[in-house]
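Here are some notes for a first look at this structure. Please read them with the model open.

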Amino acid sequence: MKKLRDYSEEIYKCTKCGLCQAVCPIFLETGLETSVSRGKFTILNGIINGHLKLNKKIGKYLEMCLGCRACFDFCPAGINAEEIIYAARAEYAEKYGVNPIKKLAIVTLNLIQGLRRSGSKRSSHSFMRFRVKPGMTGSGKIAYFPGCFDTSAKAVKTVLEKNGYDVYIPKGFSCCGMAARSAGDINTFNKLMQNNISKIPEDTEFILTECASCGSAWQDYPENIAKKAINIYKFLDKTDIYIPENAKYNKTVTWHDPCHLARFQKVSGEPRNILKKIPGIKFVEMEEPGKCCGAAGTFCITNSKVSLAVSKSKAKNIISTKADIVATGCSGCKIGIAQGLAGLGKIKPIVSSIEILAELYSQE
Amino acid sequence: MESFRKIVGKSNVLTEYEDRYCYAYDATAIGDRLYLPDAVILPETTEQISKILKTANENKIPIVVRGAGTNLVGGCLPLKGGMVLHLSKMNKIINVDKNNLQCVVQPGVTVEKVQQEVQKRDLFYPPDPASLRVSTIGGSIAQSSGGPRGFKYGTTKDYVLALEAVLPDGAIIKTGGKTAKNVTGYNLTQLLTGSEGTLAVITEATLRLIPEPEERKVLLACFESIEMAAEAVTGMIYAGITPSTLDLMDKNTMQTIEKFHKTGLPTDMEAVLVLEADGFKESVEKQAEQIIKICKELGAKNIRSSQNQQEADEIWFARRSAFGAVSRLRPNVLTEDAVVPRDKVPDMVKEIRRIADKYSLTVCIMGHIGDGNIHPNFSLDLRDKDEAERFKKAADELFDAALSLGGTLSGEHGIGAEKLPYMKKALDKRSLELMKSIKSAFDPDNILNPGKVV
Ligand SMILES: Cc1cc2nc3c(=O)[nH]c(=O)nc-3n(C[C@H](O)[C@H](O)[C@H](O)COP(=O)(O)OP(=O)(O)OC[C@H]3O[C@@H](n4cnc5c(N)ncnc54)[C@H](O)[C@@H]3O)c2cc1C
Ligand code: SF4
Ligand code: SF4
């Protein structure tokens, strides 16, 4: 992990053009200069040049980032605020400790994994060879990383099997570590990462993730592992996806781009392609589909007011589409969207596209 | 401070050092100079602003208004401390009146938001500073900002019908009116437009709109020299064509853009013109044909014309990437904004290049050639004291060059604090005196944005 000081040139490169104000969801809600990347870089530059000290007040400002990378895509100078702010949080955590609420969340996530581990019967230990598909050159063995809120695991298994793949879900995975990483708790992140890597058999060719945040956590693992990790939509989009005859899904669906999918893993066309292939579906685009849902891991707990405001603005865009169903690919986003819709007094099913596919297959 | 808290509520007054540290700058590259305000206030209504100004005036506390803080002339720097009024919470569109072709908005709303809202009703607000996604209506009126469309549509000043503004003593005035024409007394609306926060705080604006053109087409014409590009522009004017945009980028700019985004610009060409034609469908086709013909006759090597929105967006993306690309070369970008008579553009470009060479500075030249408004973007590192010093000398010579070509200091970015030292050169003595007396008629105690413009 790079230290704050390693970024001093990057930080200095901010020309203060202020364009990030157009996209930072936090700024759009608070209207405060301290909450947009330009302000944060000014503060961090102040710390580096000695004008400011990394104190608790600044710790609070560092919290005011969803890590959504919207500003990174937009910044003319090409500076990655999210990465730099996380490095600053790590430095802050070294000095003052990890935010206790976040710590609690990290512990809870591990607990969930622990509970599930003990009760899990899902895992099958034998790999099966499957039809080798275009683009696969190696062993053809697929491991699936379900993540803490693996609401889609069953659907993933169904969908992969229907498409001729067999999946293996190793036992003993821990949380992907994203929550720890964003809290600046690098020690925990490293521990979780090492455990997860140790569960992956040597000859695995692909490590599939469905949850966007888990997927981008795996991208932060060492390169030899990261290059095996691939998002399930990207994986499936390359194949000739199986569509059962006569099955129909007669609903209007809109897709929310998770930050960790669209910007971190550059996967945004693929899930749409898959949805559009499903017979019966009417696909509608919402306005600003890539705008953050506001949940951002523990942010919705530590900064609930701002988080809810961001979620509501997302929910407004969803409601305007008049879609029956919101599809997305991240467990965190499901929370954000649900909180936003609830905040506006609406309820809509929020599912992942994989679940829609599984439902389609269930009609057979 | 207590009295300010009473007016706007505790959470809308920021006094911590860290907060103030984030309001000590705008988009101007100022190196390590630091001007901290004493506090930052986030008002939500005109009445609050009126009370704030009254209190500040009684206590002679400077007031610096801030929109999006994207101006490039130090307009938002609290040179003398005091209060920064950040208008980010006054960001509503009050109404859009299609019948009368106008809309009423609060000052903190962004230019883009206004454009999007009126477009939903097939209306068009043309002023288009490249910063329009964030720059506010208040800020763009205060700077009378322009953009590529200025050639055909003019700049912000041509679209302000009426203003509500607060004077330093707290009085709320309304200038102009709802009518398309108005010659009742002096034109205070235009006086406040471009006043850079030194005369009054603009709290509401009535903007003039026009019907949205049916069609737009973007063309990219490449030339082997800037002179040839300039001749093509003259050719178009003679042929009676008014493209909505007549923008120029030089070779250095194109090469810099291509380094960071592959947009397919002809990096072997000396100059490229970005042209946009708009209007009714048939008329756009005809204009485009004529533009292509003229450009070819006058030596254009290659002309790319957009066939659909996506291709138009690509060309625009290339043009709007220019500033960003320059900012990736070196950490600081200083954009100059001198304007010369249209036919002097090639001379001005030559001067810019000569001066940049003389002081060993990297410069990318782009700008609104149709308006004679050329932006040399100097890319440098202000921490290098020698380079910073060389830039200062270059800027001095640049202004002299613009003035001697019959031009002036600033086409659209304004004067602010950064260009103040050059005002004496650009204006005659009586004009300057008049401006000073206008300032003191509005603001006798000099509390509004002191140290700027005059
Ligand atoms: C990348 C980039 C591109 C740009 N491109 C262009 C361009 O193409 N054309 C152009 O003309 N400019 C351009 N600019 C300059 C700048 O964006 C414009 O001047 C813009 O309109 C300023 O708006 P703002 O809201 O940021 O104002 P601010 O910078 O916040 O304020 C500008 C001045 O206006 C005063 N002010 C702000 N609001 C009010 C108010 N409500 N009442 C009274 N005074 C007020 C402030 O005190 C200050 O002096 C560019 C800047 C950047 C960074
Ligand atoms: S967009 Fe990038 S360079 Fe511009 S102010 Fe924001 S962080 Fe700085
Ligand atoms: S990563 Fe997202 S929340 Fe954080 S500063 Fe950038 S735009 Fe704002």
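Which helices of chain A each supply at least two residues of the shell around ligand 3?

1. The model is predicted. In it, α2 and α3 of chain A are the elements that each give at least two residues to the shell around ligand 3.

2. The residues around ligand 3 include four cysteines, A:Cys24, A:Cys65, A:Cys68 and A:Cys71. Also in this group are A:Pro25, A:Ile26, A:Ser37, A:Lys40, A:Leu66, A:Gly67 and A:Arg69. Sorted by class, the shell holds seven nonpolar, two polar and two charged residues.

3. Chain A also meets chain B: 34 residues of chain A are in contact with 33 residues of chain B. The two chains bury about 2600 Å² between them, and carbon and sulfur atoms account for 60% of it. A:Tyr12, A:Thr15 and A:Glu33 supply 21% of the area that chain A buries against chain B, more than any other three residues.

4. Four salt bridges are found across the interface of chain A and chain B. In one salt bridge, the side chain of A:Glu33 meets that of B:Arg66, at 3.2 Å from N to O.

5. On the side of chain A that touches chain B, the elements giving two or more residues are α1 (8-12), α2 (25-30), α3 (37-49) and α4 (56-63). The largest share, six residues, comes from α3(A). By class, this side of chain A has 15 nonpolar, 13 polar and six charged residues.

Key:
Residues are numbered from 1 along each chain as its sequence is written. Chains are lettered from A and ligands numbered from 1 in the order in which they are written. This is a predicted model: local features need pLDDT of at least 70, side-chain atom pairs count only at pLDDT 80 or more; totals for chains, interfaces and linings use all residues. Side-chain values use heavy atoms; hydrogens and water are left out. Contact means heavy atoms within 4.5 Å. Buried area is the accessible area (1.4 Å probe) that two parts lose on being put together, summed over both. Helices (H or I, at least four residues) and strands (E, at least two) are DSSP runs, numbered from the N terminus. Ala, Val, Leu, Ile, Met, Phe, Trp, Tyr, Cys and Pro count as nonpolar, Asp, Glu, Lys and Arg as charged, and the others, Gly among them, as polar. A residue is near a molecule or strand if one of its heavy atoms lies within 4 Å of it.
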